[in-house]
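Subject: Handing over a structure

Hello,

Here is the structure I promised to pass on. Please keep it open while you read my notes below.

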Amino acid sequence: MTEIAHGTVIVQSGEAVLPRWWRTVDRVTLGCILALFAIGILLGFASSPPLAERNGHDPFHYVIRQAAFGGMALSVMVFVSMLSPTTVRRMGVLGFFAAVAAVALLPVFGTDYGQGAVRWYSLGFASLQPSEFLKPVFVVFTAWMVAASQEIGGPPGKSVSLFVAVMIVGFLAMQPDFGQAALIVFAWSVIYFVAGAPMMILFVVLGLVGLGGVVAYNNSEHFARRIDGFLSAEIDPNTQLAYATDAIREGGLFGAGLGEGSVKWTLPDAHTDFIIAVAAEEYGLVLVLIIIALYAGIAMRSFFRLMRERDPFIRLAGTGLVSLLTLQAFINMAVAVRLLPAKGMTLPFVSYGGSSLIATGIAVGMLLCFTRTRPQGDIGDFLLNRHGRT
Amino acid sequence: MSLRTPLRPLARILDARQKGENPDAIERENRRLRHEAERDKLRVRAESRLLLVAVCFLAAFCTVGYRMAALATSEPVEPRVASGSGDTILNTRADIIDRHGRVLATNFATNALYAHPHEIIDARAAADGLAEIFPDMDADALHRRFTSEARFIWLRRYISPEQEQQVHDLGEPGLLFGPREMRLYPNGSVASHILGGAGFGQEAVNAAEVVGVAGIEAQFDSDLRDPARDGPLQLSLDLTVQAAVEEVLAGGMALMNARGAAAVLMDADTGEIVALASLPDFDPNARPRPLTEGDQADSPLFNRALQGVYELGSVFKTFTVAQALDEGLVDLSTMVDTTGPLRMAGFAIRDFHSYGPEQSVTDVFVHSSNIGTARLARMIGAERQRAFLDRLGLLEPTGVELVEAGAARPLTPSRWGELSTMTISYGHGVSTSPVHLAAAYATIANGGTRVTPTLLRRDAPVLGERVISEETSARMRELLRAVVTDGTASFGEVEGYSVGGKTGSAELPRPQGGYFEDRNINTFASVFPSDDPEYVLVVTLYEPAETSGPEPRRTAGWTSVPVAAEMIRRVAPLLGLRPEIEQPPVSPLSSSSN
């Protein structure tokens, strides 16, 4: 059952892989990604020397590592984006089972690196956080299941994916890693929403969350204190949040100047969770707005491409991937400006971190693969045609 | 919306069969069409939902960008934590002032001292330095705590400014101060039982609640803490008078070798308590702990004037005589049989001195005859006596605005029979506090209207219910005056102030039953000036013994009366009462030289 459609791009058979890739890939998104990665390296020069010094490495030890991992991540990204969506789906589903197994076996073989939460496998030269890799392949799996469920006589994919999501959230909560668990829940919800969840459920869930929040606020002193602390204008000046706020304020519009920042000396997570504070202090609001614009650009570009996508699986998988990436970036920056309560989450492509970088590379590679220009029926014409026929 | 097309429309199937075609192809085709239609529907829906998601993300990024911009362009502010002042919680508790506006309780900005051991640079020096500043701290114990895993240690709930400076001078960054509001009673132990005291309620690093724990501070706690409250709490007390009363009382207590003492000075018309003292007392700035064993009445926290309910003895005769006069049973010259002992149900009532077989009502009162008073009570009867004492407020808690007042309920006999009536007539059988007594005397002496005692300033007299007639009240004032001029309270004479009063020397009951012979509660309930009483003063000494004579004297006339007289001598001018002394003619020369 081949869909005959008037393609926006004329398919030329026998075209070489690379030129075809370059012609069909979303070059704007690709450019944004590369820009973010470059900014990450630039900020690494500023933020990581104090850490390197503390750990007894060369000043630019972490920058070099970041560049190496980044190179790997970009290669993986380009490679994945060259695959066909079907191949991505197949590999994604296989990878999903592997990742679930890896997460499930963490309590047995994992390490906690003295941080209280068992999230990593130690590979000797590097550490691997399987939940980072789980996120993109989970999206592929969920999109596959949900899209299949839309076929007449298809499997009950929504229930299956919900069950799997709940199970994974259970594993993540056991580590405990509530940030990743929240991302998984969010990714599933967005996919379900775009796949046509009844609006009623949306309102009921929103209502329940609101009600639950009010009930918890009134009944749990601990919860109320957390919320009050988050809402109150005053913060303890010795917390990471306060340092981040000071750094942003210190930076002003154009920054304190290269290497002039001080936050990297006081913030233990300056190179990961609070990299945006380093950016704000040394380069000012200008760079921060550029970073925000890059993420927003990626998101908008991808969403508008996906809106025109006819294949349900590609549409859903792409939505899940871009939502994950954007939400993670949003949470990271929102924490720094106290829009959200503190939650450790890296800034994709910018923050330091090997497995996170490569996992993000895979995710964006998939996204680029899904948003490549393919023959699409122009929706208006297509529908007109269809209605005329029935 | 069109109806759903069936997958196998019968007409077409039959048609196809007739033509020999495979009818399954029709189903396949229909199924495909339905699938396409479904997909299109989903796609249109997905398009709008994707747009919605995209808009949400865009809005979220705009918010972050806006916050970043707002933060980047904002002015840096000094963090308002762990510094000394400016915290909003400070000075929210209202002050307490006396009737002339002098401060009785106020707030004092101070600091609590705590330590962050992980920020301490030299634990040894810090521990030694602190032990030097605070002698009760142990340097070694501190050092152990400073080098432990703890991340937060409370050291002091509040410290003085001098101590704060000394801690600053240690120069140790791990020793930190949390702002505190501390309740301060600048007059020390003066009026301690009224003020009660305050302590810390909920405590956080940067603030602590100040909570009243006793006395007026506890009674009006929520009111004093109410941020909407306007102005201080004004009491009826007069600070200078209170101080003078306490000083004289302490001197009298020492001189009379008493175990404790109480005094109540009340405005006879309004019921305002101008001074209320109970000894021993305490300093509300450092309130002692309650006793964990023994009688709470021995604690300095115990307010004898309010909480000490005892049988007060002959001071009650005033009420018996007043009732007999008011009900017209007798007049002042009616002769009463005073032959003793008066036997009743195996109980004998005796007089201290016998003044003959028959005496006038005046003499019964002035010479404090138990027998004569008992006979008057018999004429009144139990029911009416009880009703009269109730109208005087002697059978209920006083209603004074102290938390302790509610529990200070007078003790009355379970069966108020004829014998009880007779013993109550001279002050045995009903136990009341000195505040009760003062209020009842004010009622008797002020013209006969009921007085309710209060600690809050009243600007005008509150005219209570009438208890006895003006006429009876006037007679009673004469009788009270006569007790001082001719009777048991002759030491109570204060030149120029025409003191009237009644003594009461009651033996303390033994816990096992019966009474101690050498342990008295001696009370002098007085009014001054007696022709138009402005004030009532009740002075009670607990277990006094006046030892200037060959034998210790334990009657009120020898103990409480001189103390009360000295008190009146001291406070009457402070209260603005002009002594009625015949002025020697003043020569124009000397008056102009003033």
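What percentage of the 594 residues in chain B do buried residues make up? The answer is 44%. A residue is buried if 20 or more other C-beta atoms lie within 10 Å of its own, exposed if 12 or fewer, and partly exposed in between, with C-beta atoms placed from the backbone.

Two notes before the rest. This is a predicted model: local features need pLDDT of at least 70, side-chain atom pairs count only at pLDDT 80 or more, and totals for chains, interfaces and linings use all residues. Residues are numbered from 1 along each chain as its sequence is written, while chains are lettered from A and ligands numbered from 1 in the order in which they are written.

**Chain B overall**

Chain B holds 19 helices and 18 strands. Helices (H or I, at least four residues) and strands (E, at least two) are DSSP runs, numbered from the N terminus. Take the contacts in chain B with a separation of 6 or more: 69% of them link residues 24 or more positions apart. Two residues are in contact if their C-beta atoms, placed from the backbone, lie within 7 Å.

**The five-stranded sheet**

Chain B has an open sheet of 5 strands in the order 9-8-18-17-16, with antiparallel pairing. Strands pair if DSSP finds at least two bridges between them. At the edges are strand 9 (273-279) and strand 16 (500-509) of chain B, each pairing on one side only. From one strand to the next, the twist averages 10°. Axes here are lines fitted to C-alpha atoms, for helices over the stretch in contact, and angles run from 0 to 180 degrees between N-to-C directions.

Strand 8 (residues 260-267) of chain B runs antiparallel to strand 9 of chain B, and 6 bridges join them. B:Ala262 has B:Ser278 in strand 9 of chain B as its bridge partner. Helix 9 (residues 239-255) of chain B lies across strand 8, strand 9 and strand 18 (535-542) of chain B, at about 30° to strand 9 of chain B.

In strand 16 of chain B, 7 of the 10 residues are buried, so the strand is largely enclosed by the rest of the structure. It is joined to strand 17 of chain B by 9 bridges, and the two run antiparallel. Their hairpin has 5 residues between the strands, and B:Gly513 there takes a positive phi near 110°.

B:Thr523 sits in strand 17 (residues 515-528) of chain B. Opposite B:Thr523 stands B:Gly504. B:Thr523 counts as buried because it has 32 C-beta neighbours inside 10 Å. Leaving out residues up to four places away in sequence, its contacts include B:Leu312, B:Val538 and B:Ser560. B:Val538 is 15 residues away in sequence, yet the C-alpha atoms are 6.9 Å apart.

**The cores**

The largest nonpolar core has 116 residues, and those with the most contacts inside it include B:Val245, B:Ala263 and B:Ile568. A nonpolar core is a set of buried Ala, Val, Leu, Ile, Met, Phe, Trp, Tyr and Cys residues joined through C-beta atoms within 7 Å. Helix 16 (residues 434-445) of chain B gives the most to this core, with 9 residues. Why does the core lie between domain 1 (96-234) and domain 2 (240-574) of chain B? Both domains give residues to it. Their bounds come from an automatic or database domain assignment.

Beyond its neighbours within four places in sequence, B:Val245 is in contact with B:Ala263, B:Leu265, B:Ala275, B:Ala277, B:Met567 and B:Val571. Another core lies apart, with 112 residues, among them A:Ile33 and A:Phe96.

**Backbone details**

Two peptide bonds are worth a look. The bond from B:Leu279 to B:Pro280 is cis, with omega near -5°. B:Pro280 is in the loop between strand 9 and helix 10 (304-307) of chain B. A cis bond also joins B:Phe528 and B:Pro529, with omega about -15°. B:Pro529 lies in the loop between strand 17 and strand 18 of chain B.

B:Glu543 is not a glycine, but has a positive phi of about 55°. With 18 other C-beta atoms within 10 Å, B:Glu543 is partly exposed.

**Between the chains**

Finally, 36 residues of chain B are in contact with 43 residues of chain A.

Best wishes
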